[in-house]
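Okay, everyone, thanks for coming.

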Amino acid sequence: MTDISVSQNVKIVEPTVYELSSVGRRGVAMPASDVPETALPEKTLLRTSLPMPELAEVDVIRHYMHLSRFNYSVDGGFYPLGSCTMKYNPKINEDTCRLPRFIYTHPLQPIETVQGNLALMYEMQEWLKEISGFAGVTLQPAAGAHGEFTGVLMMAAYHKSRGDARRTKMLIPDAAHGTNPASVGMLGMSVATIPSDARGNVDLEALETACDDTVAGMMLTNPNTLGMFDENIEKVIKLVKDCGGLMYGDGANLNALLGIVRPGDLGFDVMHFNLHKTFSVPHGGGGPGSGPVGVSQRLVDFLPSPLVTIVEEGDDEAAPLYGFFTPKQTIGRMKAFHGHFGGGLVRSYTYIAMHGAEGLKDVSQYAVLNANYLQARLRKTYKIPYDRICMHEFVAEGQFEGSDVRALDIAKRLMDYDFHPPTNYFPLIVHEALMIEPTETENKDTLDAFADALIKIAEESLLQPELLHSAPHITPFGRMDEVKAARELVLCCWLPEGYDLEK
Ligand SMILES: *Cc1c(COP(=O)(O)O)cnc(C)c1O
């Protein structure tokens, strides 16, 4: 038995597939070969034997089914992980992304044979432009952070094309997600941190002081990670533009704005979409992300190549002919082939098509309503440091006077009530932060049950604090030593006894 727990207080052992293995058990029937058998070239062999576990299909299914029950999932329960938009992912997305004609296309096929795929990509570009108010969209980036990197590259290319080489400073609010400064750092640019004011807006005075002719631009999440829509957004954008900078919008929080505000109309020059957040691509289990980027008119020539376009307009008789084109001053290719087509684009295309314009607006309105409902229910029990009407999420303080209970303890105790914990200790500007994003897909009963649990936990923190310090109690694994897990990361598989990888 292999000890796969990192827990301090609980030890759980799970047999591996090797331990379940028994010589001669079979779970697969290989089809007869339709090509002649040939030996592999000796020189290319990495090893001479490879022990494989031998199990019947039913053993394998039960093993993985069992392991899967250790996971918490959106399909299993409420998942209010702030900033991550863990909405329910409609299952129709799964049907469409598995359509054989999508599955069996290859990115190197002649373009006449993949017109359907290109049509979907073209429409996706157009829809994202319409939703965001931008002039151009690339579908290539693999995730939000990759979109940020792509966007910042375009900003740098824009300044360079104008001979403006001094612009290497990026303004980033202190509420920002860590990927923002990381993306900027990857390009060797410097970061100037802009504080937030008491209402959770960008501090205008600090911004004004930081604005000079070395500013490449500003990366702003709006609504920000406190769930606050910046009340001075137009002034912020004007200050940055007046000093010659470009405005980058971190679109991770677009779920609050669909059909209500378009970042392009506000004056943003570039923004990434997180299709896996706003447009219901499953995430959190390592699945494919997708981070398309939209740009304003002055950046369209810098978009990654290729983009999908209509080569020949269609008419009553014929469908349009789609193809690729290369923007004039393109920063180049950001991803092999065309981004995450099936897992990302087809799923979110389906989501947008199913909702339509009115439906998307509903999504945002219910997301904001749900967050405000929860905030209102918790306000009396939990301190909300930036307490005004929130957008799709809000941040509470996970500590109480006269108690040594911390946000982490509250988060872990929530697991005993069968809820996924909120994001904790982020954003950094809130002490003992609990960042709660319910999303639009939850009904009032679920929101009430969650609020009741948090209120009960607040009572427990005074009466039975040890219950919180040692939580969770009912999960297959107890409290993890997260520092140890990060410092002594073990990713290697278990190997059968006596087996030497080198041989
Ligand atoms: C999720 C998130 C990102 C990064 O997006 P990924 O798709 O995870 O790379 C950036 N900013 C904010 C505010 C986010 O919530």
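When I say strand, I mean a DSSP run of E with at least two residues, and a helix is a DSSP run of H or I with at least four residues, both numbered from the N terminus. Before going on: this is a predicted model, where local features need pLDDT of at least 70 and side-chain atom pairs count only at pLDDT 80 or more, while totals for chains, interfaces and linings use all residues. Residues are numbered from 1 along each chain as its sequence is written, and side-chain values use heavy atoms, with hydrogens and water left out.

Back to our strands. M271 belongs to β8, residues 270–273. Three bridges join β8 to β9 (residues 293–295), and that pair runs antiparallel. By pairing I mean that DSSP finds at least two bridges between two strands. For anyone new to this, strands of a sheet pair through backbone hydrogen bonds, either parallel or antiparallel.

Which way do the residues of β8 point? V270 and H272 go one way, M271 and F273 go the other, and all are buried. Buried is under 20% relative accessible area, exposed is over 50%, and partly exposed is in between, using a 1.4 Å probe and protein chains only.

Now go across to β7, residues 246–251, which is joined to β8 by four bridges and runs parallel to it.

Keep D250 in mind, and let's look at the ligand. How many residues surround it? There are 13, and the closest are S83, G144, D250, H276 and K277. A residue is near if one of its heavy atoms lies within 4 Å of the molecule. Sorted by type, the shell has three nonpolar, seven polar and three charged residues. The sorting goes like this: Ala, Val, Leu, Ile, Met, Phe, Trp, Tyr, Cys and Pro are nonpolar, Asp, Glu, Lys and Arg are charged, and the others, Gly among them, are polar.

Where does the shell come from? Helices α6 (144–161) and α11 (275–278) each supply at least two of its residues, and α6 has the largest share, with three.

Let's talk polar contacts. That's a pair of N or O atoms within 3.5 Å; within protein, one must be able to donate a hydrogen and the other to accept it, and residues adjacent in sequence count only if both atoms are side-chain atoms. The side chain of D250 has an N or O atom 2.5 Å from a nitrogen of the ligand. H276 has a side-chain N or O atom 2.6 Å from a ligand oxygen, and for N274 a polar side-chain atom is 3.0 Å from an oxygen of the ligand. Taken alone, the ligand exposes 380 Å², and the protein buries 87% of that. Those areas come from the Shrake-Rupley method with a 1.4 Å probe; for residues, only the protein chains shown count as cover.

Next stop, another sheet. Three strands make an open sheet in the order β12-β14-β13, with antiparallel pairing. The edges are β12 (394–397) and β13 (423–424), each pairing on one side only. Four bridges join β12 to β14, residues 433–436, and E397 has A433 as its bridge partner.

In the loop between β13 and β14 you'll find E432. Buried or exposed? E432 counts as buried, at 10% relative accessibility. The E432 side chain makes a polar contact with the R406 side chain at 3.3 Å, and a polar atom of that E432 side chain lies 2.8 Å from the backbone nitrogen of A407.

Last thing: disulfides, meaning pairs of cysteine sulfur atoms within 2.5 Å. The whole structure has zero. C84 is partly exposed at 23% relative accessible area, whereas C390 is buried at 0%.
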